[in-house]
Amino acid sequence: MVMMSELPLGPLPDVPEATSDPEALIAFEGRIARGERIEPGDWMPADYRRQLTRLIQQHANSELMGALPEGMWIPFAPSFKRKLALIAKVQDEVGHALYLYRAAETLGKPRTQMIEELLNGTSKYSNVFNYPAETWGDIAMIGWLIDGAAVVNQTIMATGSYGPYARALKRITYEEAFHLKQGYDVTVALATGTQLQRDMAQEAFNRWWWPTMMFFGPPDKQSVHTGILHRWGVKPKSNDEQRQEFLRKFVPKMIELGFDIPDKDLRKDPQTGDWIITQPDWDEFKRVINGDGPMNKERLALRRLIYDESSWLRTALDRHVPLPAAA
Ligand code: COA
């Protein structure tokens, strides 16, 4: 992979600072090209701040919403061991949301505003958390496929240029590695179990394959943000590169476990070794990420209920008057 510091950044990007403060922008881009981390108090283009706020806020939203489908399965886990692992995983996901909202706050956006924008639908979260989790097979696929995709994506994004986001992702990827092991363990148990268990895993796999392909975002040629995010070191690899990295790591394992892959035209390019997929239904993707997925309304209503029912705690903390220093 070509290192960011070797990339000629070319003519200044079409952002307001390119005219109002070209010197500062040239200095900023020089820092990016040298692979330096940008910190909250540093000068940064308004567009960098806006993009990072959008990206980190949406990521935090995804973690918070992602806790719901798995959280609902905690009471129904098939064993105490599976229940304990799921409780730990769901608790981690909410913790990831807190790290990420905190990272986004360093760019100047209050957490209460970010949560409100999630609840009123004006800030997105990952497409994958708008699909139902109907059987224990879904818990296998969320833990294996979705957390597997998240590990690929977040490991790449953790080498990005914004310090607080990169550091939050460093810790998150450690914990996601456990989530992936948990998901793979559940998947192997089903895929090597009884016919009923194998059928359950395959049925869930069929429903999760396409949302997982969409997880990494639209094809590069349709991505509106990748160009500037790559230029400024925020997105070191493109959506298609990230998707391909996932396919190279996971398709051999899917075949090894005996899964029928729903994409009948999936094939490996003999020259490059890349997996060629059928393009997902990007119209479905657009509908789902804009609030019209199978579970959007139900999950946002649940998140709103939890937020409203815990308002007393926020009030108590806000009114908390520190105890007088011991006399
Ligand atoms: N779910 C929901 N929305 C998505 C998405 C997904 N899987 N992939 C892309 N989008 C949205 C983008 O937010 C953008 O919409 P917006 O302008 O209203 O914000 C639009 O689709 C165009 O996509 P793109 O230009 O590729 O956006 P991007 O540069 O933000 O890249 C991701 C998309 C998901 C790859 C990127 O957002 C990312 O890596 N985010 C950080 C990590 C993260 O959130 N991971 C998911 C953890 S569960």
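Leu52, Met157, Gly160, Ser161, Tyr162, Tyr165, Ala166 and Val234 line the largest cavity of this predicted model. A cavity is a set of points on a 1 Å grid over the protein atoms alone where a 1.4 Å probe fits but cannot get out, and lining residues have an atom within 4 Å of a point. Local features need pLDDT of at least 70 and side-chain atom pairs pLDDT 80 or more, while totals for chains, interfaces and linings use all residues. Residues are numbered from 1 along each chain as its sequence is written, and side-chain values use heavy atoms, without hydrogens and water.

**Cavity**
- The largest cavity has a volume of about 30 Å³, a volume being the space filled by probe spheres set on grid points joined across faces, edges and corners.
- Its lining divides into 6 nonpolar, 2 polar and no charged residues.
- Ala, Val, Leu, Ile, Met, Phe, Trp, Tyr, Cys and Pro count as nonpolar, Asp, Glu, Lys and Arg as charged, and the others, Gly among them, as polar.

**Largest pocket**
- A pocket is an open set of points with protein on both sides within 12 Å along at least five of seven lines.
- The largest pocket holds about 1,000 Å³ of space.
- Of its 44 lining residues, Leu55, Gln58, Phe215, Phe216 and Gly217 lie nearest its centre.
- The lining comprises 18 nonpolar, 16 polar and 10 charged residues.

**Second largest pocket**
- About 440 Å³ of space lies in the second largest pocket.
- Arg111, Ile115, Tyr307, Ser310 and Arg314 lie nearest its centre, among 16 lining residues.
- Its lining has 10 nonpolar, 2 polar and 4 charged residues.
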